[in-house]
Amino acid sequence: MTDDLIYSMDAVNTLSQFTETDYVVFVEDKDDEFFWKKIFCLFAKEKSFSFRYEDDVRGCGVLDDKIKKLVSGELNKSIIIARDSDYLIYKGQKVEHKNVLYTFGHSIENCLFSDKNILTIFSNLSKSDETSNVEVVNDWLDAMTNGFQKLIKLDIVVQKNEYGIGILGKSCDEFTQKNGDINHARIDVRFNEVKNEYPSIEEDINSISYIPTHDIKGHFFMSLVSKFLRLNFRNSLSLDALMALGFATLKDSILADSNRKNHYLRMCNNLH
């Protein structure tokens, strides 16, 4: 539900009574609302939820302000903040609180496009059995995750150090070739541009361990998935249509992955 998220603390704390639900969940936007509804339907069926988000503001800044109020006790246990994990774990900024829920991986896109989701979508587009496509999908995922390590770590460091530099955007085209291969030369150029301005950045990058696929920046990763499917099937599947396929395969993919399943099950079980 669209809202301006601006209430007095007393008003916020009584929203669940007004909506006649157990919890009021603050999220970033409508996609996040749809995602968390699916999560709660899977792992918190016995509880009821209503949703709020600010339609005119992008990003998690408003949510982070509410997290601070939740931790301080200004907001009560009927309030839930559900947000993308982003790079918070790498920045040491992830808040541990029963009513603060995070995605498994960087953002909802990383849950909509796990290896299982991609395999199912790939197999349906090719009208073939999943078993015959496992190697193709896994090889591609390994190549992307391994090949982009340097760039992902660069993105993490510039955000952590607040350099105000954009590295990974919503499109992968800057760092991939027309055939979908990684453009390593362009990655090196971008890396050296930043290093020339911030010489210590290489040391910061080397201090970060291997970044798993699910922690690749969500919009960038979705763009990679889109290009992979487009090149394999010569179709022009829109990002909205691709996201719809991700949502359609979400339940099965989460239940098939014990790490993802346990992540969301634990959070839902821990709700006050």
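A: Two terms come first: buried means under 20% relative accessible area, exposed means over 50%, and partly exposed lies in between (1.4 Å probe, protein chains only). Helices (H or I, at least four residues) and strands (E, at least two) are DSSP runs, numbered from the N terminus. With these terms, Tyr 23 and Val 25 point one way from S1, Val 24 and Phe 26 point the other way, and all are buried. This is a predicted model, in which local features need pLDDT of at least 70 and side-chain atom pairs count only at pLDDT 80 or more, while totals for chains, interfaces and linings use all residues. Residues are numbered from 1 along each chain as its sequence is written, and side-chain values use heavy atoms, with hydrogens and water left out.

Q: What makes strands S1 and S2 a pair?
A: Two strands pair if DSSP finds at least two bridges between them. Strand S1 (residues 23-26) and S2 are joined by four bridges and run parallel, and because the definition asks for at least two, they count as paired. Among the partners, Val 24 has Ser 50 of S2 as its bridge partner, and Phe 26 stands opposite Arg 52 in S2.

Q: How do you know that both faces of strand S2 are covered?
A: In strand S2 (residues 49-52), Phe 49 and Phe 51 on one side and Ser 50 and Arg 52 on the other are all buried.

Q: Why is Ile 79 called buried?
A: Ile 79, which is found in strand S3, has a relative accessible area of 0%, and therefore it is buried.

Q: Why is Gly 61 called partly exposed?
A: Gly 61 has 44% relative accessibility, so it counts as partly exposed. Gly 61 has its place in helix H4 (residues 61-72).

Q: Why is Glu 162 called exposed?
A: The relative accessibility of Glu 162 is 67%, so this residue counts as exposed. Glu 162 is placed in the loop between helix H9 (149-160) and helix H10 (184-197), and it has a positive phi of about 55 degrees although it is not a glycine.

Q: How do you know whether the radius of gyration agrees or disagrees with that of a compact globule?
A: The radius of gyration is taken over C-alpha atoms, and the globule rule is 2.2 Å times the number of residues to the power 0.38. For 272 residues a compact globule would have a radius near 19 Å, and because the protein has 20 Å, the value agrees. The C-alpha trace spans about 55 × 50 × 30 Å along its principal axes, and buried residues make up 47% of the 272 residues.
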